[in-house]
Amino acid sequence: MAMDKPVILLVHGAWHPPILYDSLKYALGARGCELLVPKLATVGLGKTGLSWDADVAMLLGIATPLFDQGRSVVLVGHSYGGIPACIATRGNGIDDRRAVGKRGGFSHLVFLCAFAMPARGMSVLSVSGGSWLPWHKVIELEAGRKQLFVNERAKDLLYSDLPPEKAQVMFDSLVPCSYEAFTTGVDFAVPDVTIPKTFIVCEGDTPFPPEHQRALAAACGRDLKQVSVSGGHSAFASVPEEVADILARLVGE
């Protein structure tokens, strides 16, 4: 991959290990784009007491060495990943870094049917109406520790446009997440972001209907551009070519 071309750093959704994004990685590779999908700090068996700030720290640990090489990075957040992706841009845009004599930086923020928070203080739980959805599962551990996971009902929602066999493989790959990642309000929201930003609406999304995606994106301000793909909530797996076309175009801007 060309060193002068932006790297795409994807912040995966809750419960989803990075390997599930391989179809998108291959599609982007065919377009000459490099995709990195590191595992979030809040994801994994036994992970508790960790919120989006741990994920932000992990992302910056990946991105900063790239910045120091003079690379620009397109940051993509899928679903929950929109929260740490947004917050990671704080003070780390190309212009922000240039102002203090540093190279590189985030050049574009992309939300893929993601939680794009219009205001500080909001959390996944508050955006969900203050209560967990029927397909969520709270895991109670010792000493009051909790994780958030999904139950069997999530399979048909998250993978509604995938063949049953592939949907089952993906569902069986899921792992719990730290409960606090979903209940902690953000201290930096989409209107605070100073770099170009795009929301990819997934038209076939069942758990996060497209009309709700559009409303959330609109609440974030007119400078959050909206585009769309035909896939469901896991469009990275069902229509990777469509998603890759949009991301490759943004890399080239």
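Does D187 count as buried, exposed or partly exposed, and at what relative accessibility? At 37% relative accessibility, D187 counts as partly exposed (buried means under 20% relative accessible area, exposed over 50%, partly exposed in between, with a 1.4 Å probe and protein chains only).

## Basis of the model

This is a predicted model, in which local features need pLDDT of at least 70 and side-chain atom pairs count only at pLDDT 80 or more, while totals for chains, interfaces and linings use all residues. Residues are numbered from 1 along each chain as its sequence is written, and side-chain values use heavy atoms, with hydrogens and water left out.

## Salt bridges

The structure holds 11 salt bridges (a side-chain nitrogen of Lys or Arg within 4 Å of a carboxyl oxygen of Asp or Glu). In one of them, D187 pairs with R90, with the closest N and O atoms 3.2 Å apart. This pair links distant parts of the chain, 97 residues apart: D187 is in the loop between helix 8 and strand 8 (197-202), and R90 in the loop between helix 3 and helix 4 (94-99). Helices (H or I, at least four residues) and strands (E, at least two) are DSSP runs, numbered from the N terminus. R90 is partly exposed, with a relative accessible area of 36%.

E241 forms a salt bridge with R31, the closest N and O atoms lying 2.7 Å apart. E241 belongs to helix 11 (residues 240-252) and R31 to the loop between helix 1 and strand 2 (35-36), so the pair ties together parts that are 210 residues apart in sequence. Within helix 4, D95 and R98 are 3 residues apart, about one turn of the helix, and their side chains meet in a salt bridge (2.7 Å, N to O). D95 counts as exposed at 56% relative accessibility, as does R98 at 53%. Salt bridges that share partners also join R31, E241 and D245 into one network.

## Aromatic contacts

A search of the whole structure finds 9 aromatic pairs (rings of Phe, Tyr and Trp, the last by its six-membered ring, with centres within 6.5 Å; planes under 30 degrees apart count as stacked, over 60 as edge-to-face and the rest as tilted). The rings of Y21 and F236 have centres 4.0 Å apart and planes at 20 degrees, so this pair is stacked. Both Y21 and F236 are buried. For Y80 and F182, the centres are 5.5 Å apart and the planes at 45 degrees, so the pair is tilted. Y80 and F182 are buried, and one aromatic cluster is formed by W15, Y80, W132, W135, Y179 and F182.
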